Amino acid sequence: MSGQDELFSKPAIYCFDTSSLIQLREYYPIDIFPEINQVFMSKIISGEIIICDLVMEELREHEKTMYKAIVQNIPNSRTATFSDHLKETQRIVQTYYDNLNKSYNIKADPMVIACAKETDTVVVTEEKNSDPSKIPHICIKEGIKYINLVGFFRNNK
């Protein structure tokens with residue numbers, strides 16, 4: 001999608017983490033839960049979901065079918081690039097990961113958090129608030145709303 005199609009996109013509401021996208025395919029396969037998958041894809045097409053390029057890279061490695069479906073349907077303006085959120089991502093890494101010596105072990109998480117903060121969207125993640133380096137913990141510290149996949153579907157009945 002591009003050009004005129006993006007003029008009709010709805011405001012972005014959600015910023016997805018890779019964990020929720022993988023869980024969607026693992027626990028809600030399209031052949032058994034077509035309605036759930038249709039709701040998700042309609043939110044992609046409408047522009048209500050932002051997905052970071054680093055999440056797309058992780059997805060391409062773990063879930064090729066979903067990766068292709070998203071790439072074909074997501075408006076260009078809803079694919080956040082690392083350069084779009086570089087400063088905020090760096091701040092998140094320095095604040096929450098460097099002091100835990102976990103900077104070497106992270107991929108998309110800081111960017112998902114930075115993107116959600118700068119676009120005022122809700123993070124959708126399956127991570128639990130069990131560790132200071134996990135998305136929910138950082139979201140709480142940063143005042144960012146977060147939900148899991150079930151919460152996303154509850155919001156979009």
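A: Gladly. Keep in mind that this is a predicted model. Start with burial: Phe152 has 0% relative accessibility, so this residue counts as buried.

Q: Is Phe153 buried or exposed, and why?
A: Buried means under 20% relative accessible area. Phe153 has 14%, so this residue is buried.

Q: How many aromatic pairs are there?
A: Two rings pair if their centres lie within 6.5 Å. By that rule there are 7 aromatic pairs. One of them joins Phe16 and Phe40 edge-to-face, with 5.5 Å centre to centre and 70° between the planes. This pair links distant parts of the chain, 24 residues apart. Phe16 sits in strand 1 and Phe40 in helix 3. Both Phe16 and Phe40 are buried.

Q: Why is the pair of Phe152 and Phe153 edge-to-face?
A: Planes over 60 degrees apart count as edge-to-face. Here the planes stand at 70°, so the pair gets that label. The ring centres are 5.1 Å apart.

Q: Which residues do ring pairs link into a cluster?
A: The members are Tyr14, Phe16, Tyr28, Phe33, Phe40, Phe152 and Phe153.

Q: In what order do the strands form the sheet?
A: Read across the sheet from strand to strand. The order is 3-2-1-4-5. The sheet is open, has 5 strands and shows parallel pairing. Strands 3 (79–80) and 5 (146–147) each have a single partner strand, so one side of each has no neighbour in the sheet.

Q: What joins strand 1 to strand 4?
A: Look for bridges. 3 of them join these parallel strands. Tyr14 stands opposite Val122 in strand 4. Tyr14 is also one of the residues in the ring cluster.

Notes
Residues are numbered from 1 along each chain as its sequence is written. This is a predicted model: local features need pLDDT of at least 70, side-chain atom pairs count only at pLDDT 80 or more; totals for chains, interfaces and linings use all residues. Side-chain values use heavy atoms; hydrogens and water are left out. Rings of Phe, Tyr and Trp (its six-membered ring) pair if their centres lie within 6.5 Å; planes under 30 degrees apart count as stacked, over 60 as edge-to-face and the rest as tilted. Helices (H or I, at least four residues) and strands (E, at least two) are DSSP runs, numbered from the N terminus. Buried means under 20% relative accessible area, exposed over 50%, partly exposed in between (1.4 Å probe, protein chains only). Two strands pair if DSSP finds at least two bridges between them.
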